[in-house]
Amino acid sequence: MTRARVRHSGSRVGAMRSVRKWRPAASLAVIGLMVTSAGAALSEPAGTPFDVAAYDLSIDHDPVDGVLRGSALITARAAADLDALTLHLNGPEVSAVAIDGVAARSFTRSGQDDLAITPAKRINRGDHFRVRVDYAGKPGDGWMPTDSGGVTAFMGASSAWFPIGDEQDRAEFRLTATVPQGWHVVSVGQEQQAGQEQQGGQEQQTGQNTVRWTERDVAPAHIAVSIDKFTVERSKLADGTPVVNAYAPGLRDRTKPLADRLPQIMDFLVSRYGAYPFDAAGNVFVHVNDSGPGTSPQSRPVYLGARSTFMDLLQVVHEQAHQWYGVSASARLSEDACLAECFASHSTWMWEEANDGADLDARYRDLVNAKKTDAAYWQQPLYRPGRTPGFEIYTRGPLALHALHRQIGDESFDRLLVEWPRRNRHSFVSWPQFEQLAGQISGQDLSGFFQAWFRGTTLPADQYLWPGTLRRDHSSPAGTSGGDGGSSTGSDSAGLADVPARSRRHDEQVALHDADTTAPLGTRRRAPAVGVLDVEHAVGERSRVVAALLPLTALLGHGEVEAVRDPVAGELGGVLLADGQVLGVRVRGQQLDVLLSLRCGEQAQ
């Protein structure tokens with residue numbers, strides 16, 4: 001998502017976030033596909049002939065001139081005899097390189113971000129050594145301006161602002177950042193307490209503010225930093241874990257109600273996934289543009305579109321769930337992305353069940369019956385070696401995991417959700433490893449199930465489509481009208497009022513949001529159905545919402561809209577579907593709180 005080329009995958013997917021470069025000006029639909037796949041190239045983790053133990057960084061950034069001045073001290077151990085070594089830095093110019101205090105014989109830049117270093121003498125296998133790199137200039141790809149005048153370094157774009165080795169090589173991380181007074185820096189891990197003059201992790205100097213952050217075990221793929229005139233609030237979870245929530249100017253009133261739910265969210269996720277895997281927590285709210293996705297750097301998610309109507313509680317639940325599934329237990333390759341996104345998306349299902357009383361069996365039946373005749377919906381596998389999955393990990397992923405839940409039963413599923421992140425804490429792992437663990441815990445031969453749901457390209461056979469309690473009345477989903485793709489009789493517009501219009505925005509997955517962006521979070525007001533409709537990908541709550549959408553001719557015939565546009569496909573005609581995905585509707589830049597989901601000749605309300 002942020003890197004111009006792929007050496008190997010990190011994790012936001014875990015694995016997906018470092019696969020493609022994210023362009024802030026792109027539409028949200030485009031971003032979603034880029035994050036989750038869109039044919040991204042794959043490669044095996046390259047590794048390096050040395051193991052990094054620690055990154056000790058000092059940076060100085062002035063938002064006025066945009067120049068970053070940095071010095072990185074990298075502590076490492078040679079895994080082989082080294083006559084040369086390569087680090088990765090994209091953007092700033094390097095002025096000096098020294099190894100163990102001795103100037104390097106040479107250093108050169110090659111490619112987009114390779115820094116090739118020749119030491120003054122060979123580094124022998126097993127030797128511990130330190131590389132110091134001094135650099136300055138404009139940071140590289142993934143260093144993005146915010147609308148409040150600050151900047152944020154996208155997760156997975158660490159080489160845009162400091163030199164790194166293997167982006168999956170976990171190491172200690174220490175950051176000392178100096179910015180003009182009035183500005184603040186927020187990164188991963190804990191604010192370092194040092195000195196009586198320091199408040200939180202910051203030291204006030206004449207005209208400057210110096211901030212220190214430390215994280216004891218983190219991969220560069222999971223590091224981010226944000227610089228802005230933040231309002232910073234500090235607290236602790238019940239177990240003493242320090243919490244830092246940071247709000248860019250103008251965002252606190254809208255997003256603080258979400259941040260204040262963090263203790264409840266963390267308690268819920270701990271109850272499902274086991275002990276929290278890190279020593280600090282929190283959230284960072286910035287606004288790059290309205291299409292900015294949520295991201296999940298280690299310990300502290302960063303929301304890049306915090307001013308948009310897509311910023312909601314389910315997005316926070318999704319990103320925090322990544323701390324277990326996607327960051328601590330991280331996808332090894334982009335093909336393993338379901339280990340991050342399927343589970344984080346499913347987390348919001350479980351949240352809605354626990355907190356809103358959602359009937360997940362009913363939701364499952366409705367969605368399956370709405371899509372079972374749509375071959376395009378099933379044609380892309382959730383896992384295939386050598387292929388990066390697409391949007392299906394957000395749409396079919398939760399369905400597949402709910403089916404797995406019913407296949408192996410409550411006890412085995414609950415244990416599986418805890419055991420996977422516990423056994424793979426701070427590791428990069430693959431999808432086949434998960435399949436193996438699921439079989440071990442359940443005591444079942446799940447090869448047929450995983451083939452049908454995660455590796456297959458067609459509708460699963462009934463024995464896998466309707467496991468356990470889902471077998472009951474699966475042919476007539478409760479509370480639906482025509483949701484199985486059959487003909488509809490009569491108008492269902494009145495029933496739409498009963499359909500929950502909760503946002504299902506999970507990173508790049510868009511759902512339905514408040515039509516009135518000034519209304520308090522949690523309230524809904526229907527926007528007038530006039531003007532030009534901008535179509536964005538969405539997932540409905542019930543089959544009435546995900547049923548075949550109203551053809552364009554019916555919309556125009558009722559005078560509801562002037563035109564319908566899709567930000568990717570352009571002008572649309574016929575049924576409002578794209579690649580088998582359900583579409584949401586935006587009216588004059590605002591979101592309707594219901595999908596236009598009725599058939600030709602019926603007017604959406």
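**Exercise 1. Determine how the length of helix 9 (residues 410-423) relates to the span expected at 1.5 Å a residue, and which of its residues are buried.**

*Solution.* Step 1. Helix 9 comprises 14 residues, and its first and last C-alpha atoms lie 20 Å apart, close to the 20 Å expected at 1.5 Å a residue. The expected span is 1.5 Å times one less than the number of residues. Helices (H or I, at least four residues) and strands (E, at least two) are DSSP runs, numbered from the N terminus.

The model is a predicted one, in which local features need pLDDT of at least 70 and side-chain atom pairs count only at pLDDT 80 or more, while totals for chains, interfaces and linings use all residues. Residues are numbered from 1 along each chain as its sequence is written, and side-chain values use heavy atoms, with hydrogens and water left out.

Step 2. The buried residues in helix 9 are Ser-412, Phe-413, Leu-416, Leu-417, Glu-419, Trp-420 and Pro-421. Buried means under 20% relative accessible area, exposed means over 50%, and partly exposed lies in between (1.4 Å probe, protein chains only).

Step 3. An α-helix has 3.6 residues a turn, so residues three or four places apart point the same way.

Step 4. The cover over the buried residues of helix 9 includes helix 3 (262-273), strand 23 (329-331), helix 5, helix 8 (392-408), strand 24 (427-429) and helix 10 (431-442). Contact means heavy atoms within 4.5 Å.

**Exercise 2. Locate Arg-425 and name the residues that it touches.**

*Solution.* Step 1. Arg-425 belongs to the loop between helix 9 and strand 24. With a relative accessible area of 36%, Arg-425 is partly exposed.

Step 2. Leaving aside residues up to four places away in sequence, Arg-425 touches Tyr-276, Pro-277, Phe-278 and Ser-328.

Step 3. Arg-425 and Pro-277 are separated by 148 residues in sequence, yet their C-alpha atoms are 7.1 Å apart in space.

**Exercise 3. Classify the packing of helix 5 (residues 338-356) against helix 6 (residues 360-371), then against helix 3.**

*Solution.* Step 1. Helix 5 and helix 6 pack at an angle of about 135 degrees, and their axes are 10 Å apart. Helix 5 is therefore oblique to helix 6. Axes are lines fitted to C-alpha atoms, for helices over the stretch in contact, and angles run from 0 to 180 degrees between N-to-C directions. Angles under 35 degrees count as roughly parallel, over 145 as roughly antiparallel, 65 to 115 as roughly perpendicular and the rest as oblique.

Step 2. In this contact, Trp-349, Met-350, Glu-352 and Glu-353 of helix 5 meet Leu-360, Arg-363 and Leu-367 of helix 6. By class, the contact has four nonpolar, no polar and three charged residues. Here Ala, Val, Leu, Ile, Met, Phe, Trp, Tyr, Cys and Pro count as nonpolar, Asp, Glu, Lys and Arg as charged, and the others, Gly among them, as polar.

Step 3. The axes of helix 3 and helix 5 come within 11 Å and cross at roughly 110 degrees, so the two helices are roughly perpendicular to each other.

Step 4. From helix 3, Gln-264, Ile-265, Phe-268, Arg-272 and Tyr-273 meet Phe-343, Ser-347, Met-350, Trp-351, Ala-354 and Asn-355 of helix 5. The contact of helix 3 with helix 5 divides into seven nonpolar residues, three polar and one charged.

**Exercise 4. Describe the surroundings of strand 2 (residues 68-78) and its pairing with strand 1 and strand 8.**

*Solution.* Step 1. Of the 11 residues of strand 2, eight are buried, so strand 2 is largely enclosed by the rest of the structure.

Step 2. Strand 1 (residues 50-61) pairs with strand 2 in the antiparallel sense over 11 bridges. Two strands pair if DSSP finds at least two bridges between them. Leu-57 has Ala-72 in strand 2 as its bridge partner.

Step 3. The hairpin of strand 1 and strand 2 has six residues between the strands, and Gly-66 takes a positive phi near 75 degrees there.

Step 4. Strand 2 also pairs with strand 8 (residues 128-137), in the antiparallel sense and over 10 bridges. Arg-69 stands opposite Ala-136 in strand 8.

**Exercise 5. State the strand order of the open sheet of four strands and identify its edges.**

*Solution.* Step 1. The order is 9-10-17-12, with antiparallel pairing.

Step 2. Strand 9 (143-145) and strand 12 (184-187) stand at the edges with a single partner strand each, so one side of each has no neighbour in the sheet. From one strand to the next, the twist averages 15 degrees.
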